[in-house]
Amino acid sequence: MMELLQAVQQIGQDLLGPAWLPVWTVAKILVIVVPIMLTVAYLTLAERKVIGFMQIRIGPNRVGPYGLLQPLADGVKLLFKEIIIPTGANKALFVAAPVLTLVPALAAWAVVPFDVGMAVSNANAGLLYILAMTSLGVYGIIIAGWASNSKYAFLGALRSAAQIVSYEIAMGFALVCVLMASQSMNLGDIVQGQQSKAGLFGWYFIPLFPMFLVYLISGVAETNRAPFDVAEGESEIVAGFHVEYSGMTFALFFLAEYANMILIAALTSIMFLGGWLPPFDVAPLNMIPGLFWLLAKMSVILFLFLWFRATFPRYRYDQLMRLGWKVFIPLTLVWVAVVGAWMQTPFWLW
Amino acid sequence: MEMIKNFFKTFLLLELVKGMALTGRYFFARKITVQFPEEKTPQGFRFRGLHAQRRYASGEERCIGCKLCEAICPAMAINIEIAERADGTRRTTRYDIDLTKCIFCGFCEESCPVDAIVETRVLEYHGEKRGDLYYTKTMLLANGDKLEEQIAGDRAVDAKYR
Amino acid sequence: MISFEALVFYLFAALTVFAALRVITVRNPVYAALFLVLAFFSMAGIWMLLEAEFLAVTLVLVYVGAVMVLFLFVVMMLDVDLAQLREGFWRWFPFGAVIAAIMVFEMVMVLGARQTSETGAGLTRHAADYSNTKELGRLIYTDYVYPFELAAVLLLVAIVAAIALTLRRRKGVKSQDVAKQVAARREDNIRIVQMPAEKQMPVTGDQESEKA
């Protein structure tokens, strides 16, 4: 795999000279973005299927065998729908908002490693970059809510902004524990740090179990997914920040939400579940390429996301804030101290 | 002791896991969805669907224009006009049911002294334009002619309960 | 020919100046806040050029990701009256102009004294594995440990003070205690009463008459 890549790179360099670098980068970006978009499409189908199954239904099954062409049909439908811009809306910002939501969701993928050295950019401050990018997603939502010139949209935007800002702190502290354990902010190094003879037991979700839970739950809140979907809250504020959006502009919000979900799943697998490492470093398991393991772990996390949505009722807004500020932040602070103390003792095995 | 137990219960999210176990079990449960156009749920003989006007075996229409159905219709969906026919009987010149108003309560059927207006088992019908669901006398009679066998059969089964 | 790096620098610099100017000239306060975000972004870009990636990302994370969100929050909810804001502009103008002049003078003095040489000449290049974050951490916890700790304590005091100022316990508020609700058990709230099955009441006159 690596040899093949190097060979391709060599040929390209000989062929194009200095122009090769941008071409190579664009190729790498496409290799990541296109599968993400496809995954998003099929994640929507998976969501409807999984939730349907949990509600003893069978979900979409009319378009194509087992409903496999449903995302295509949805996409075409959204593409041909009219984009309605409400009167009194701020046109430029109204159109810019969906783009501003999607861009950070995709940009964060730049530092996500899929295998040893397989990342668009092997940045040293990768973890910080991820935090910064995920915190930018809120702008699209706020601007969408404000530019729509609608009460419900504005309420949804305020709710979501407050929620994202609050949960980001807990999320950040959970990540602080990870980088204390791994002593690096490079995502590739974080995965390497989890490699040990103990296999599965060497991953950070064992010593940092509370942080793993906090990160996962904050991740659900951060992506505005059920049970933390107060920003949409269809029973209270219709659809929140994207009430006024239709057609492709709505589709972009949709894409961003799911791309964020996949991103959170990838980050959780990388930081707590050993990324591309196999659960045990023994013969049949370590033959399988690392990419497969990463995707398998991501699928499990994504399934959890859907499972949560099928199980839990929506949090009330004040309870959501309470959970973020009064439970998660103290818990993470305590655990930062615990990990710090633990690392000074000989009982720290990671 | 109780406090410690509670503490662990909350922090291990035991209740959430219980809830997820429930939905997880249902994930594998047999699905009860009815695949509608291919599969259909059983239909009772008293099913109240599309309306029809019946005729006697002789081919004479049953309706005598008494307007009881028009009077009782809670949605005011029925419009009737009457006139004397050449043979001196009272007949309707107009008998319209607006199905966009109809609530399918079956009162018209109950009130009819001659079993002329009935509701059939047909539920799969549609209109593509607004006026398509405005059924006139000829349409209702055509319905009755087409479905007479089933209508008569259902009435016969129901007769002993009346 | 100017190098690629210089080109990027001038691009970001021009963007920063443009955005900063728009912040104070644009009429809509929401636009102003958004232009400030743009200014922060381009500043982060410049810092990135200076190999200060930690500071650059932190700028985006803290200022763009948190502070400006709260700013936007407030600005969007306020009903800003522009006419009222512009009232007394000329009255305060001399005062503002003097302050601006002093600041310009100060900045010229500071920058002129230190950086007489060409842009970037005083900077050292670092190897690819150089970690700005690590260096910064080392400096903060060794050479500058006291100022750093002081700043931290100052912030802590500010947090405690902010909470102390806004926290007031009102009597008689019926808010729910979630922990208590979660801990509630069936045995605490339900009492099962055992009693003999009801006997037929003796028939009274009233019921007699009803039957009749």
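Visitor: How many positive and negative side chains does chain A have, and how far apart do the centres of the two sets lie?
Guide: Keep in mind that this is a predicted model. Chain A carries 18 positive side chains against 17 negative ones, with 9 Å between the centres of the two sets.

Visitor: What makes chain A as compact as a globular protein of that length?
Guide: Start with the secondary structure of chain A: 13 helices and zero strands. The globule rule gives 20 Å for 350 residues, and the radius of gyration of chain A is 21 Å, close to that, so chain A is as compact as a globular protein of that length. Along the principal axes, its C-alpha trace spans about 60 × 55 × 45 Å.

Visitor: What share of the residues in chain A is buried?
Guide: Buried means under 20% relative accessible area, and 53% of the 350 residues in chain A are buried.

Visitor: Why is the set around A:Trp109 called a nonpolar core?
Guide: The term calls for buried residues such as Trp, Tyr, Met and Phe, joined through side-chain atoms within 4.5 Å. A:Trp109, A:Tyr139, A:Met271 and A:Phe272 belong to the largest such core, with 124 residues, and touch the most other members. Helix α10 (residues 247-272) of chain A supplies the largest share, 15 residues.

Visitor: Which residues is A:Trp109 in contact with, beyond its neighbours within four places in sequence?
Guide: Among them are A:Ile32, A:Ile36, A:Phe114, A:Leu263 and A:Met298.

Notes:
Residues numbered from 1 in each chain as written. Chains lettered and ligands numbered in written order. Predicted model: local features only at pLDDT ≥ 70, side-chain atom pairs only at ≥ 80, totals over all residues. Heavy atoms only, no water. Helix = DSSP H or I, 4+ residues; strand = E, 2+ residues; numbered from the N terminus. Rg over C-alpha atoms; globule rule 2.2 N^0.38 Å. Buried < 20%, exposed > 50% of the residue type's maximum accessible area, 1.4 Å probe, protein only. Lys, Arg positive; Asp, Glu negative; His and termini not counted. Charge placed at Lys NZ, Arg CZ, Asp CG, Glu CD. Contact = heavy atoms within 4.5 Å.
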